[in-house]
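Have the 3D view ready and follow along section by section.

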Amino acid sequence: MIIDCHGHYTTSPRQHEAWRTEQIAAHKEGRAAPARPAISDDEIRDSIVNGQLKLQQERGTDLTIFSPRAAGMGHHLGDASTSEAWATACNELIHRVCTQFPRNFIGVCMLPQSAGVSPRNCIAELERCVTQYGFVGCNLNPDPSGGYWKDPPLGDRYWYPLYEKMVELDVPAMIHVSAACNPAWHTTGSHYLSGDTAGFMQCLTSDLFKNFPKLKFIIPHGGGAVPYHWGRFRGIAQDMKLPPLQELLLNNIFFDTCVYHLPGQELLAKVIPAENILFASEMIGAVRGIDPESGHHYDDTKRYIEQLPFTPEQKAKVYEGNVRRVYGRLSAQLSKQMG
Ligand SMILES: [Zn+2]
């Protein structure tokens with residue numbers, strides 16, 4: 001089985017995101033948000049059948065761990081109440097996709113974060129999505145301010161109430177920023193990759209995993225700059241008299257394969273143990289074009305994985321085993337959804 005652990009609902013029916021625009025406009029003007037729009041099952045089906053499902057079938061993958069559009073989370077917009085209403089709407093839509101396509105999609109929720117608001121606020125929505133919808137993880141934004149980094153680092157006790165709930169529910173978080181509202185950042189080009197790198201470094205300099213040995217994070221986009229600069233991170237840890245990174249972080253941190261060229265994938269596989277790599281493509285997402293050098297979509301990451309010098313056992317781990325291990329609820333939920 002080939003499980004893609006990183007997919008977003010980037011093709012949701014138009015009225016869904018249109019409502020978000022109205023909601024934020026109403027908030028700015030001090031009005032109540034309009035009622036949420038009706039979205040039919042047929043509209044959801046069309047958006048998936050002609051989008052992510054079509055690509056799953058064309059590329060030969062089986063299941064996508066599916067979450068709301070990441071850039072659309074917009075935790076820097078509105079306030080705690082608008083974030084809550086938006087997260088509820090987005091997660092409900094993911095649940096409807098997973099209900100219609102139980103063999104192809106398993107849900108992961110976005111959290112109702114807001115800059116400067118305690119992550120404690122996210123616990124109820126996380127619990128609702130896991131216990132009522134059967135979701136198997138969450139996306140955690142390390143920078144709800146959208147490019148200004150106003151909240152404490154991930155190792156800070158500020159985040160602990162959320163981590164306690166994640167461990168209790170046995171769900172991992174993908175450390176995933178949203179859109180940048182700081183013009184110095186390009187959302188998917190620099191803010192995403194910096195968010196990945198910053199998230200990793202915040203874990204390195206904290207005692208987070210000593211306090212939460214069962215907490216699991218997925219660093220997306222191949223880990224940002226992490227594999228490329230692994231020597232720097234090892235050296236910093238050494239200078240700080242910390243244990244080797246393998247021992248310090250690799251029981252808890254995993255990297256996905258959303259890297260859009262073969263040399264990058266080769267480096268990831270060379271530096272990071274196969275046990276810590278999870279297959280992912282993030283399709284349909286940040287890069288939608290075809291690479292003229294290969295003639296294939298940049299985000300068709302399975303093509304690169306097939307060219308890596310993994311043993312069959314390692315490849316099976318990357319495609320399936322590691323994903324099932326990191327997303328502790330996935331196997332049971334999948335059996336349930338497969339009927
Ligand atoms: Zn993503």
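## Helices that pack on α4

Start with helix α1 (residues 14–28) and helix α4 (residues 80–100), whose axes come within 11 Å and cross at roughly 170°. Angles over 145 degrees count as roughly antiparallel, so that is the label for α1 against α4. On the α1 side of the contact you'll find H16, R20, Q23, I24 and H27, and they meet T82, A85, W86 and L93 of α4. Sorted by type, the residues in this contact of α1 with α4 come out as four nonpolar, four polar and one charged. Bear in mind as you look around that this is a predicted model.

Helix α4 has another packing partner: helix α2 (residues 41–49), with the two axes 10 Å apart and at an angle of about 75°. That angle makes α2 and α4 roughly perpendicular to each other. Here D41, I44, R45 and I48 from α2 meet R96, V97 and Q100 from α4.

## A sheet of three strands

Now for the strands. Three of them make an open sheet, in the order β1-β2-β3, and the pairing is parallel. At the edges sit β1 (3–9) and β3 (105–107), each of which pairs on one side only. Going from one strand to the next, the twist averages 35°.

How many bridges join β1 to β2? There are five, and the two strands run parallel. One spot to look for is H8, which stands opposite S67 in β2. On the other pairing, strand β2 (residues 63–68) and β3 share three bridges, again in the parallel sense, and I65 stands opposite I106 in β3. As for cover, seven of the seven residues of β1 are buried.

## A sheet of six strands

There is also an open sheet of six strands, with parallel pairing and the order β4-β5-β6-β7-β8-β9. Its edges are β4 (109–110) and β9; each has a single partner strand, so one side of each is left without a neighbour in the sheet.

Let's follow some of the pairings. Strand β6 (residues 173–175) and β7 are parallel and linked by two bridges, with A173 standing opposite F217 in β7. Strand β7 (residues 217–219) then pairs with β8 over three bridges, in the parallel sense, and the bridge partner of I218 in β8 is F254. Finally, β8 runs parallel to strand β9 (residues 277–278), joined by two bridges, and D256 stands opposite L278 in β9.

## A closer look at β8

Are the faces of strand β8 (residues 253–256) covered or uncovered? Both are covered: I253 and F255 are buried on one side, and F254 and D256 are buried on the other. F254 is the residue that bridges to I218, and D256 is the one opposite L278.

Strand β8 also belongs to a right-handed β-α-β unit, together with helix α11 (residues 262–271) and β9.

A few loop residues deserve a look. M283 and I284 are joined by a cis peptide bond, with omega about 5°. I284 sits in the loop between β9 and β10 (290–291).

D170 has phi near 60° and lies in the loop between α6 (160–169) and β6. K241 also has phi near 60°, and its place is in the loop between α9 (230–239) and α10 (245–249). How exposed are they? D170 is partly exposed, because 14 other C-beta atoms lie within 10 Å. K241 counts as exposed, because it has 6 C-beta neighbours inside 10 Å.

## Around H296

Last stop: H296, which is found in strand β11 (residues 296–297). It counts as partly exposed because it has 13 C-beta neighbours inside 10 Å. Apart from its neighbours within four places in sequence, H296 is in contact with I290, D291 and R303.

To get a sense of scale, pick out D41, a residue of α2 that takes part in the contact with α4. The C-alpha atoms of H296 and D41 are separated by 32 Å, and the two residues are 255 residues apart along the chain.

Note on methods. Residues are numbered from 1 along each chain as its sequence is written. This is a predicted model: local features need pLDDT of at least 70, side-chain atom pairs count only at pLDDT 80 or more; totals for chains, interfaces and linings use all residues. Helices (H or I, at least four residues) and strands (E, at least two) are DSSP runs, numbered from the N terminus. A residue is buried if 20 or more other C-beta atoms lie within 10 Å of its own, exposed if 12 or fewer, and partly exposed in between; C-beta atoms are placed from the backbone. Two residues are in contact if their C-beta atoms, placed from the backbone, lie within 7 Å. Two strands pair if DSSP finds at least two bridges between them. A crossover is right-handed if, with the strands pointing away from the viewer, the path from the first strand over the helix to the second runs clockwise. Axes are lines fitted to C-alpha atoms, for helices over the stretch in contact, and angles run from 0 to 180 degrees between N-to-C directions. Angles under 35 degrees count as roughly parallel, over 145 as roughly antiparallel, 65 to 115 as roughly perpendicular and the rest as oblique. Ala, Val, Leu, Ile, Met, Phe, Trp, Tyr, Cys and Pro count as nonpolar, Asp, Glu, Lys and Arg as charged, and the others, Gly among them, as polar.
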